[in-house]
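This briefing concerns a predicted model with chains A and B. Please consult the sequence and the structure below before reading the points that follow.

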Amino acid sequence: MNAPEFGATGIGAARYIGQRVLRKEDPRLLTGRGQFVDDIALPGMLHVAFARSPIARGRILSIDTTAARELEGVHAVFLHADLSKQKIELLSFFLMPIEVPVTLLADGRVAYVGDPIALIIADSRHIAEDAAALVEVEYAEEDPVVTIADARTGAPVHPTTEHNISQEMGDEEIDEDLDAALNGAAHQITHHVTHQRISQSPMETRGVVASRDGPEELTLYITCQSPTNIARWMSMALGLPQTAIRVIAKDVGGSFGLKNTPWKEETATVVAALLYGRPLKWIEDRYENLTAANQAREAEMTLRIGFDKDGKLLASHSDYSSNNGAYPQGADANVAVQMFLWGAYKIPAFGFLTRGWYSNTIGLAAYRGPWAMESLARETALDTAARQMGIDPIELRRRNLLTLKEQPAASVMGLPLEDITPAECLEKLLAYFDVAAFRREQAEARKAGRYLGLGIAAYIEPTGSAGSMPVMTGELAQLRIEPTGQVTALMSTHSQGHGTATTMAQVIADRLGVAYEDVTVFEGDSSRGGFSPGAAGSRQGVIGGGAAIKASDLLASKVKELAAHLLNASPETITITDGMIHVSGAPEMSRSLRSIAEIAYGEPARLPEGFEAGLEAQYRYTPPPMTFTSAAHACTVEVDVDTGFVKILRWISSEDCGTVINPAVVEGQIAGGLAQAIGTVLLEDFHYDARGNPTTVTYKDYLLPQISDIPTFEFVHANTPSQSVGGMRGVGEGGAIIGPPTLVNAITDALAPFGEVPVNLPLTPAKLLSVIEGRDIAGTGAGTAASHAPAPVEVAVAEAPVAAVAAPVPAASTSVDGDWQITMVPPMGPPQEMTAHFATDGTALSGYLESPEGRQEFTGSYDGGKVKFELKVEKPMKITLKYDLTVDGDVISGKVKLGMLGSAKLTGTRIV
Amino acid sequence: MKPAPFDYVAPTTIAEACAILDEAGGGATVIAGGQTLMPLLNLRMSQPFILVDINKIPELQGITKETGFTRVGPVTRQCDVLTNADLARDLPVLVQAVRHVGHHQTRNRGTVGGSIALGEPAAELPATSVALGAMIEVSSVRGTRQVAAHDFYLGPYMTMLEPDELVTAIRFPDWPANHITLFREVAQRPGDFALVGVVGALAIEGGAIARAGIAWFGMGPTPIKARQAEAALIGQSLDSIDPAAIAALALADTAPFDDHHATAEYRRTVGKRIFASTLGAILTLGEAA
C-alpha cells in the first residue's frame, strides 16, 4: 500500500465526529448519581473482611479461628480448606493458567505481607474486621526475597520452582556479531534505568458484591474493565457455564490495568458467596489497596547502544528485569518492552534478555502502558548519547526515526510498520514550540543562576489489538431504532471514565443521521453486550468505533430500503438527516424516522417482501491486528538548585491518533496519562523494607500527584487515518508511556551543567541535589554517577539437572535416536510438555514433535551430540522455530529461537 | 479500615472531660478535629477504649486577647485562624504557618490544639508555638499547669501531656507591633508535612535585635528551638548580621533523620540554605522598614 498523507483528516464532513460535544455521562457522575460497587446493597447481604499475613514469607504452623467465630455477628470464617470445596483456577488476562499455583487463601505458606489467610463473613464490615483481628496464626518465618537482586540469589519464593525466574526470553549470552557491532561502534553508550514500584491507585478500589441466585446462577457487581470478560474469566475459573453468570459494572472509578481480571480477594468472595448462599460484599479499603492490591512497574534495564560517527543507530542490546512479586497477574517477562523498544527507529541489529523475577512482594499487574520502560530507557539514553556526541537531541532523533515516506517497513523485531508518524509528529511539535527561543531563555536564566531544561521524546504505541490472542477479540455494536425513532446502542465497550457512552453515540449519530441527543449507549452489563476484553490496550475508540460505524451503516441501509419501498422511491435517493428521511428532489415526501420505525415494528403488511420486521442491526468489527498511534512530546522545567525541586513550566503533546471522535475525550486521556507520568517521575514510590514490609501504606507516604503538580497541557493534533474502519487510533496509554522520558529529559537538560542524572525513579529532590552538588545526599550510595552496575547475571537454570544425571551414562550412548520427553518454557503461559522422536542416518536427522496440539515432522542435522532442526508454525504468528539442542547421555537441553519472540529453553530426558 | 470498638462520650465542661480522662486511667483518647486521629483509628493504629469528644466544650473554643498574650482555645479550627483579623495583625507568622497546615478541607475541621498536642515533629504549629514562646495550658483533676512549648515536646508524638490531662489553651505571648517574621518550608506537595522548615519572629529596637524566637520543624524528633542562633542574634544590628553564620549556628541545634522522603543530609543541606536565605531576606526587609 502507499503510505497515507500525514495529518489528513479522517472521515469527511462530520457533524458529531471531531466535535467537543458534552459527555452524556457527566451530569449523572457529577451530581453523585453514579453507581459503583459500594452503592449496591442486596437483601440479606453480608460483609467480608480478610485476615492477612503480617510477614513476607513463612510456613503457617497453626491457625486458630475460635475467637473470631465466636464473635457476635460473625457468620463464618473460611480458610483455604473451606474455599477449596469449590473448583477454582485463577487465570491470566489472556485466560492462560498461572505458572505457579495460586490459592485464594494461604495454603500452608504465605508469600507476601498482606497475603490473605482467612475470609470472615459478618453482619457488617466493622464486625468482620473485628473478627479478622481475632484470627490467631503461628508462623515459622523465613527470610524473604524482596528485591530483584535478592531474587537472583535468594531461595525460590515458590516451593514448586527451582529458581526465582518467573519468565525469561531472549539470549543469556549476547550474540557475538551483535557484541562486535556494539564494541566496534564509533560511539557507544551503556545506559541504566531503574523504575520504582507503582500502586495503581484507582479512585474506586477493588470490590465485588456476589449473589448466588439459584443453584448455578451467579450475579456479580464488580468493578472491572469488561463485564463480559469477567463473566468469561469467572466461568472458566469456576467451571460454570458463562450464561449462568451475570456481571454488572455500571460505573467504574478507574482501573489502569489493575481490574483486567479478578484476583485473590474478589474471587474468594465469589467462591464464599457460592458456598455460603448469601449475597456477600467485599470492598477493598484504601489500606488494602495500597498493601494487597496488585502493583505495577518495578523494573530495571541496561541498554547498550552503538552509533556510527554521524549518530546513526548501528546496534543495541537490552537486558531487562522486572520484580513480578509472588503472584503476578501479568507482566511475566514483559517481552513487549523489547518488541517496542526500537519500533519507531531505524536500527539494523538488536538483541535482548528479558526476565521476570518472583519475590515476596505483592504481584505485578498491568498498568497503563505496561511496556512503558522501553520509551523511558530509549528516550533518556538517546538524550544522554546526544550530549556525549555533541549532537542536538532533536537532530539525533531526526537522523534515526522512521519517517512516513520510508514506509512500509519492518522494525528490527519484525513489526510491520505502514503508517507510523513519530518523525512527523516531532516536526509538527517543533513548528508549534520555538526551541531556539527557549534555548536563548535557558542561556539567559543560567547566567542568573536559574536552571531551565527542555525534554523531548517520541514514540509509537500499539493500540486496538485484535485477533492475535484469544481474549483480544473485535467489538460488537448492537443498534436499534426504537419505534419512537430514538436509537438504542448496546456496546461491548466499557467505560472506567473513558466516555464511551459519549464517543460511541457521536459515531452512531453521525453515521446514522440522527441527533446526538437521540442516541443512548448502554454498556456495563454482561447480559446486554457482546464479548470484549473491554478497556484494555487502548482499543475501544478504534474497534468499538469501527463496530458502531459498520452497524450504523447496516441499519441505515435497512431504513433506506424500507423508506424507498414506502415512498415508492429508489434506495439511492434516500438520505437520513437529523432523524428525518428525505427523498432527493422531492422535499414534500420527507418523513420522520419515527413514522418509518412505527411501520417497521407495527405494520408488517406494509413491509417489502422478505423484509425483517423492526429496525435492528448488529456488527462485530475486527480491525487489522494492530493500529499504531504516534506522538512527540516536549516539556520545559525549572529545577531549583538550592532544593532540588522541579517545577514544570510547559508541556506540549503532539499526538497522531488518526480520526479524533471527540478532542476533549482524547485530551483527557492524554492528560490523565501524563498526570500519572508526573507522579512516576517525581513522587510515587511504593517501598518495602528489607523484611518485605511495605512502608508506604497510606497516602501520607505514597505520594500521588495533586492538581497543583500538573501543568496546563497544550495539545497539537495530527489526524493520519488508520487502516481500521473510521480511521481512529487508540490513545489510552500514551501519556503514561511518553510522559516519563519527556520529563526526565527536561530535568536532565536543566542539570546538564552539573553532570548526568541517573535515571533512578522517582527523581526526588534529594537525588537531584546529589547531582547538583556532586555528593551523596540521597543515601543511594551515588554521587553524580549511576551506582547500579548490574549484578552479575549468574542464573542457575538448566545446568543443575544436567550435571546431576550426566555421570552414569557411558559416552557410547550419546545417540539421539529414540523418544524423548521434552519441556519447553515458552515466552508466555505455562511450560509446555512434548514428545520428540529422533532418527539419525549419519549426520542427517529426521523425526517429529508431538504435543496435544498435534504432530509436526522435521528434518535436520545431528553432529557430535548437537541436534539442529527447524519447524515453521503459523500460530500465534508466522515464525520459524530454530531448535539447537545438545544430547548428553539421557538428557537433552538447549533452546529454540522463536523468531522475533526471542528464544525459549528446553530440557528433556530420554524415554526408556 | 474500620476502627476497633470504643465507647464515645461528649462532655460539655472541662471539669467533666478531666473527670472522664481521670477515670479512664490511660484508656481514653481525646478527639477534637479528628484529622489525624480518625485515620489512625480506622487503621487500628490507635485503639482507645473511650473516645472523649471535646467539641462540645465552649471554653475550649475561640481566640481572645488578654493582657500580655493571646489565648487560643485548642478547639479553634485552623480555618478560623486564617480569617482572624487580630491574629493577622498581632501574630502574623501564626497565620502564615496555618496556611501550610494540611489542606483547605482538613483546615475546616482540624484544630490548633489538636496539631499542637499531637507533636508531629514535621508539623508547622508545634514549631510555631516553640518559636513564639507559647505556653501550653494543661488541665486535669489534679489542677492546671502552664508548660512552655519548648519543654512540652519529648519526641515524635510524645509530649509532657499525662494520660489524664487535657490541653485547655495555648497562650501566645505578645510580640512588639513592629516585629518581623520568618517562615519557610520545603514540602514535596502543598499540604504535605515539611521535609524541612523554619519559623520565627524577631523584635527590633533601635536598629538592633531585642528578642528572637526561631524554631525548626522536620529537623529532629521534636520541633527544635534554634537556641544558639537566637542568642547570637540578640543585640546585633540588622546590617551586621551574617545570615550564613547564623544559619550554621541554627543547624548546630538540629538532629535530623532519614526517612522515606528525604535523608538527614538533605534536611541539613537545604535547611541551612533556606534558613540563611529567609533570614537574609527579612533582614533586608527590616532594614528597609
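Is helix α8 (residues 124-131) of chain B mostly covered or mostly uncovered? Helix α8(B) is mostly covered, with eight of its eight residues buried (a residue is buried if 20 or more other C-beta atoms, placed from the backbone, lie within 10 Å of its own, exposed if 12 or fewer, and partly exposed in between). The model is predicted: local features need pLDDT of at least 70 and side-chain atom pairs count only at pLDDT 80 or more, while totals for chains, interfaces and linings use all residues. Residues are numbered from 1 along each chain as its sequence is written, and chains are lettered from A and ligands numbered from 1 in the order in which they are written.

**Confidence**
- Chain A has a mean pLDDT (the predictor's confidence in each residue, from 0 to 100) of 92, and 93% of its residues reach 70 or more.
- Residues 784-812 of chain A have pLDDT below 50, and this stretch has 37 contacts in the model beyond near neighbours in sequence.
- Where pLDDT is low, the predicted coordinates should not be read in detail.

**Helix α8 of chain B**
- Among the buried residues of α8(B) are E124(B), L125(B), T128(B) and V130(B); helices are DSSP runs of H or I with at least four residues, and strands are runs of E with at least two, numbered from the N terminus.

**Interface between the chains**
- 25 residues of chain A are in contact with 19 residues of chain B; contact requires C-beta atoms, placed from the backbone, within 7 Å.
- On the chain A side, α4 (125-132), α9 (286-291) and α20 (765-773) each give two or more residues, and α4(A) gives the most, with four.

**Domains of chain A**
- An automatic or database assignment divides chain A into domain 1 (39-146 + 203-291), domain 2 (386-464 + 626-773), domain 3 (467-621) and domain 4 (799-910).
- The centres of domains 2 and 3 of chain A, taken over C-alpha atoms, are separated by 39 Å.
- In chain A, 16 residues of domain 2 are in contact with 16 residues of domain 3.

Conventions. Two residues are in contact if their C-beta atoms, placed from the backbone, lie within 7 Å.
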